[in-house]
Amino acid sequence: MLIAQITDLHIRMPGQKAYRIVETDQFLPPAVSALNALDPAPDVVMISGDLTDFGRAAEYLHLKAMLDRLAAPYYLLPGNHDARAELQSVFDSHTYLGGVDGFVQYTVEDYPLRIVVLDTVVPMQSHGALCERRLDWLAERLAEQPERPTVIVMHHPPFITGIGHMDAIGLLSGAERFEAIVRQHDNVERIMCGHLHRTIFRRYAGTVASTAPSTAHQVALDLRPAGPSAFRMEPPGFHLHEWRNGALVTHHAYIGDYPGPFPFHEGGELIDE
């Protein structure tokens, strides 16, 4: 099974620039093309939040027109830049977005890996949270199939990354109980997150938690405690999570046209010229 993960699209309307710099909607079509060109093709595309920049209906309509060009089925979850009601209204055929208790939480049961999606959004705020209702739902879902290989997908990562301005708007409540719940289930193969606009991995709660790069701009890699809130136009990318022979392996893939591929060998020999 192959899961493609894209995240932090921050879609704005044509001609509009995020932070006066990034025409985010110009970056998504190349990402869609890159995913559609993959061989083997992804079984599913998970889109882990910050789908739009301001959660406006027009932004979701623009986003949907681009995402509907994906060859693989795709699943959405909100991030702190999103608005649940507008997302649900525009993507009304995605009935799983109805969620539970007003939260966009659901499971995907159709693949060898079970996918459990958590909603970490606090409306009108940048930080994330997991309240008791959301965590109770997670505990119940994981208890249903304790032997089945499972991944959890959420927007805000549940761990400190070292990028100070992002940690200040990270998962600010619920992380302790979330960790305790996950630690009880050794069938959780990965916790896949967005929000950080970078590839980051950490051992967490007996499994591995990761964040993926943005399809557009990347958060600047600055590990100073008081580093400024800033981004760079580093190459956009995505993650490919391959489940094979009982193991999940993740690849970071770049989006764009780059020279190659070039051979290492010629005539059975390593090229030396």
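This is a predicted model: local features need pLDDT of at least 70, side-chain atom pairs count only at pLDDT 80 or more; totals for chains, interfaces and linings use all residues.
How many bridges join S1 to strand S2?

**Figure 1. Strand S1 pairs with strand S2 and with strand S14.**
Four bridges join S1 to S2 (residues 44–48), and these two strands run parallel. In this pairing, look for Ile3 opposite Val44 of S2. To get from S1 to S2, the chain passes through helix H1 (residues 28–37), giving a β-α-β crossover that is right-handed. S1 is also joined by four bridges to strand S14 (residues 237–244), this time in an antiparallel arrangement. Here Ile3 stands opposite His241.

**Figure 2. Strand S1 is mostly covered.**
S1 spans residues 2–6, and five of its five residues are buried. Leu2, Ala4 and Ile6 point one way from the strand, while Ile3 and Gln5 point the other way.

**Figure 3. Asp43 sits in the loop between H1 and S2.**
Is Asp43 buried or partly exposed? With a relative accessible area of 33%, Asp43 is partly exposed. Setting aside neighbours within four places in sequence, Asp43 is in contact with Met1, Leu2, Ala72, Pro73 and Tyr111. For a sense of scale, follow the chain from Asp43 to Tyr60: they are 17 residues apart in sequence, and their C-alpha atoms are 24 Å apart in space.

**Figure 4. His62 is a buried residue of helix H2.**
Helix H2 covers residues 57–67, and His62 has its place there. His62 counts as buried because its relative accessibility is 18%, and the cut-off for buried is under 20%. Which residues does His62 contact, leaving aside its neighbours within four places in sequence? They are Ile11, Arg12, Met13, Pro14 and Asp25.

**Figure 5. Six strands make an open sheet.**
Reading across the sheet, the order is S4-S5-S7-S9-S11-S10, with mixed pairing. S4 (106–108) and S10 (200–204) stand at the edges; each has a single partner strand, so one side of each is left without a neighbour in the sheet. On average, neighbouring strands of this sheet are turned by 20° against each other, direction ignored. Within the sheet, S9 (residues 188–193) and S11 (residues 207–211) run parallel and are joined by three bridges. To find this pairing in the structure, look for Met192, which stands opposite Ser210 in S11.

Where do the two helices meet? From H4 come Glu132, Leu135, Asp136, Leu138, Ala139 and Leu142, and from H6 come Arg177, Phe178 and Ile181. The residues of this contact divide into six nonpolar, no polar and three charged.

Conventions: Residues are numbered from 1 along each chain as its sequence is written. Side-chain values use heavy atoms; hydrogens and water are left out. Two strands pair if DSSP finds at least two bridges between them. Axes are lines fitted to C-alpha atoms, for helices over the stretch in contact, and angles run from 0 to 180 degrees between N-to-C directions. Buried means under 20% relative accessible area, exposed over 50%, partly exposed in between (1.4 Å probe, protein chains only). Contact means heavy atoms within 4.5 Å. Ala, Val, Leu, Ile, Met, Phe, Trp, Tyr, Cys and Pro count as nonpolar, Asp, Glu, Lys and Arg as charged, and the others, Gly among them, as polar. A crossover is right-handed if, with the strands pointing away from the viewer, the path from the first strand over the helix to the second runs clockwise.
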